[in-house]
Amino acid sequence: MDNPFGQHFLGIEGLSPHHIESLLDRADNYALLNRSRKTPRTLLRERTLITLFFENSTRTRTSFELAGKRLGADVINMSVSTSSVSKGETLLDTAYTLNAMRADLLVIRHAHSGAPALLAQKVDASVINAGDGMHEHPTQALLDALTIRRHYGKLSGLTIAICGDILHSRVARSNILLLKTMGCHVRVIGPPTLLPLTIAKMGATPYYSMDEGIKDVDVIMMLRMQKERMQAGLVPSSREYFRFFGLDRRRLNLAKPGALVMHPGPLNRGVEIDSNVADDPVQSVIQEQVEMGVAVRMAVLEKFSQIKAQP
């Protein structure tokens, strides 16, 4: 499978349906192997994986580390809070240091959009974007797509509602790009202050009413509401936000029967989602998303380690 980004995986934008399906097929196979505990542990033997997280994200970092270890890689977690970075070292300085370590795979999460792309220009390792600013979070979109496909057997033709802070969400951006590429109908729901003015150009249909937006959808994807959005006055309060845009049982019943409930985590219970919906044993697939996250990251690490190995 060729890849339009060469040796790096920086985003969903530009990937064809063939590229996406190939990664999903590979990840689906790893999901089955993980459940059977028959994961091949030698594929990345003698390869070094460094995780560099400038933002806290226990779930994503642990998922990448577990994925690397299951494939046999030497995994090193660089703690930014105790490194030279926290003492004023620039990203470029860090890149030169990492290059000298001759790592094979570098997973980076950064608060600034474009930081992984900048790093990719300066290192020999394959750079994998674990989330950058308001830009993209490509492996999250892949794991979400894999979770949906495992339940419906397809992506094309499904109607997906993404609800919450679309404006600041890299998860929403990557999901919109992927789902539209795969033939889904995408709706975005949120208050006007949290929906980009250019959202229609991405192919998503905006809704400002939760009840209207989730009517007859196949999947409801909730986004975490950050406290700083409330402090900035973009939403009045957590109570008011839940009243108008929270997912409770009544609203869930407006979707298609059996509609999936998703959330990238961590959850704000009672802010964007009610506990009895989040914990629904049939419709909520939030825990399955975590499981698929490991499988997707295994597929990505394997794929891009192969690209790196090519002369």
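User: Which helix lies across S5, strand S8 (219–222) and S9, and at about what angle to S9 does it run?
Analyst: Keep in mind that this is a predicted model. The helix in question covers residues 138–152 and lies across S5, S8 and S9. Against S9 its direction comes out at about 165 degrees, and its label is H5.

User: In what order do the five strands of that open sheet stand?
Analyst: The sheet is open and its pairing is parallel. Neighbouring strands in it are turned by 20 degrees against each other on average, direction ignored. Reading across, the order is S7-S6-S5-S8-S9.

User: Which strands stand at the edges of this sheet?
Analyst: Look for strands with a single partner strand, because one side of each is then left without a neighbour in the sheet. That picks out residues 205–207 and residues 260–262. Those are strands S7 and S9.

User: How many bridges join strand S5 to strand S6?
Analyst: S5 takes in residues 159–163 and S6 takes in residues 185–189, and the two run parallel. Among the pairs, Ala161 has Arg187 as its bridge partner, and Ile162 has Val188. The total for S5 and S6 is five bridges.

User: Which helix does the chain go through on its way from S5 to S6, and what is the handedness of the crossover?
Analyst: The link between S5 and S6 is a β-α-β crossover, with residues 170–181 as the helix. That helix is H6, and the crossover is right-handed.

User: Which residue in S7 stands opposite Val188?
Analyst: S6 and S7 pair in the parallel sense over three bridges. On the S7 side, the residue opposite Val188 is Pro206.

User: How many of the five residues of S6 are buried?
Analyst: S6 has S5 joined to it by five bridges and pairs with S7 over three bridges. The strand is mostly covered, and the buried count is four.

User: Which residue in S2 is the bridge partner of Leu49?
Analyst: Strand S1 (residues 48–53) and strand S2 (residues 74–79) run parallel, joined by six bridges. Together with helix H2 (residues 58–70), S1 and S2 make a right-handed β-α-β unit. The partner of Leu49 in S2 is Val75.

User: Is Gln283 buried or exposed?
Analyst: Gln283 is found in the loop between helix H11 (275–278) and helix H12 (286–309). Its contacts, leaving out residues up to four places away in sequence, are Arg249, Leu252, Gly258, Ala259, Leu260 and Val261. The relative accessible area of Gln283 is 12%, and the cut-off for burial is under 20%, so Gln283 is buried.

User: What is the distance from the backbone oxygen of Ala259 to a polar atom of the side chain of Gln283?
Analyst: Ala259 is one of the residues that Gln283 touches. The pair to check is the backbone oxygen of Ala259 and a polar side-chain atom of Gln283, and the separation is 2.9 Å.

User: What is the relative accessible area of Arg37?
Analyst: Arg37 lies in the loop between helix H1 (17–36) and S1. Its phi is near 60 degrees, a positive value in a residue other than glycine. Arg37 counts as exposed, and the figure is 79%.

User: About what phi does Asp216 have?
Analyst: Asp216 is placed in the loop between helix H7 (210–213) and S8, and it counts as partly exposed at 41% relative accessibility. Most residues other than glycine have a negative phi. For Asp216, which is not a glycine, phi is positive, at about 65 degrees.

User: How many Å apart are the C-alpha centres of domain 1 and domain 2?
Analyst: Domain 1 is 17–136 + 291–306, and domain 2 is 138–286. Where they meet, the contact takes 27 residues from domain 1 and 23 residues from domain 2. Between the C-alpha centres the distance is 26 Å.

Conventions:
Residues are numbered from 1 along each chain as its sequence is written. This is a predicted model: local features need pLDDT of at least 70, side-chain atom pairs count only at pLDDT 80 or more; totals for chains, interfaces and linings use all residues. Side-chain values use heavy atoms; hydrogens and water are left out. Two strands pair if DSSP finds at least two bridges between them. Axes are lines fitted to C-alpha atoms, for helices over the stretch in contact, and angles run from 0 to 180 degrees between N-to-C directions. Contact means heavy atoms within 4.5 Å. Buried means under 20% relative accessible area, exposed over 50%, partly exposed in between (1.4 Å probe, protein chains only). A polar contact is a pair of N or O atoms within 3.5 Å; within protein, one must be able to donate a hydrogen and the other to accept it, and residues adjacent in sequence count only if both atoms are side-chain atoms. A crossover is right-handed if, with the strands pointing away from the viewer, the path from the first strand over the helix to the second runs clockwise. Domain bounds come from an automatic or database domain assignment.
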